[in-house]
Amino acid sequence: MAGTYTAVELNPDLSVEKQDLLLLLADQRALLKITVRGLTDEQARQRTTVSELTLGGLLKHVASGEADTAAEIVARDETAVFDPAVGADSYEFGVDDTVEQWIAEYDRAAAQFDEVIAGVGSLDELIPMPTAPWQPEREWWSVRRLVAHRLRETAQHCGHADIIREALDGQTTMAAISEGMDWG
């Protein structure tokens, strides 16, 4: 599809704005999955920079983030409180975690997220956000802002993942997607 790095398609029955936002998010998701393509579970656990981030941890984190955001939109819980311990755990790619498991979870969470967004009446609908130590007062975000936030988070972590992967074995995502292309 024109305007994306990967071949992603969406439900044509969505509004233009929902299509635009979800198309860009789907493209970023696909780029992240290309970055972790072909990794062993051990490679996914390996730190390659001074950061604690790993490819498996990033994959697990974005999958968890998609699922959590979809649940927040559906629940609209005005008493929700963010648990920092759960947030920190989402970056931990444990010995029982596998790349295959978390790609499947990411695909499931992404499909669920897209279904929730397709089902909301308006991107202007306001959703109560969980309070957190850094945000003790409840905020209300539009669905649009939540989708844009998921897009920003995914794009940021795609950048992290690309650096970690390049340090691991020299692969870059752009080189991987341009392999065999006239412009590659």
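Just after helix α3, R76 takes a positive phi of about 50 degrees. Helices here are DSSP runs of H or I, at least four residues long, numbered from the N terminus. This is a predicted model, where local features need pLDDT of at least 70, side-chain atom pairs count only at pLDDT 80 or more, and totals for chains, interfaces and linings use all residues. Residues are numbered from 1 along each chain as its sequence is written, and side-chain values use heavy atoms, with hydrogens and water left out.

Helix α3 covers residues 55-75. Its expected span is 1.5 Å times one less than its number of residues. For 21 residues that gives 30 Å, and the end C-alpha atoms are 30 Å apart, which agrees. Of these 21 residues, 16 are buried (under 20% relative accessible area; exposed is over 50%, partly exposed in between; 1.4 Å probe, protein chains only).

The whole structure holds eleven salt bridges (a side-chain nitrogen of Lys or Arg within 4 Å of a carboxyl oxygen of Asp or Glu).

D107 lies in α5 and K33 in α1, so the pair ties together parts 74 residues apart in sequence. D97 sits in the loop between α4 and α5, K60 in α3, 37 residues apart. D97 is buried at 10%, and K60 is buried at 9%.

D169 and R165 both lie in α6, four residues apart. D169 is partly exposed at 39%, whereas R165 is buried at 4%.

Note on methods:
Helices (H or I, at least four residues) and strands (E, at least two) are DSSP runs, numbered from the N terminus.
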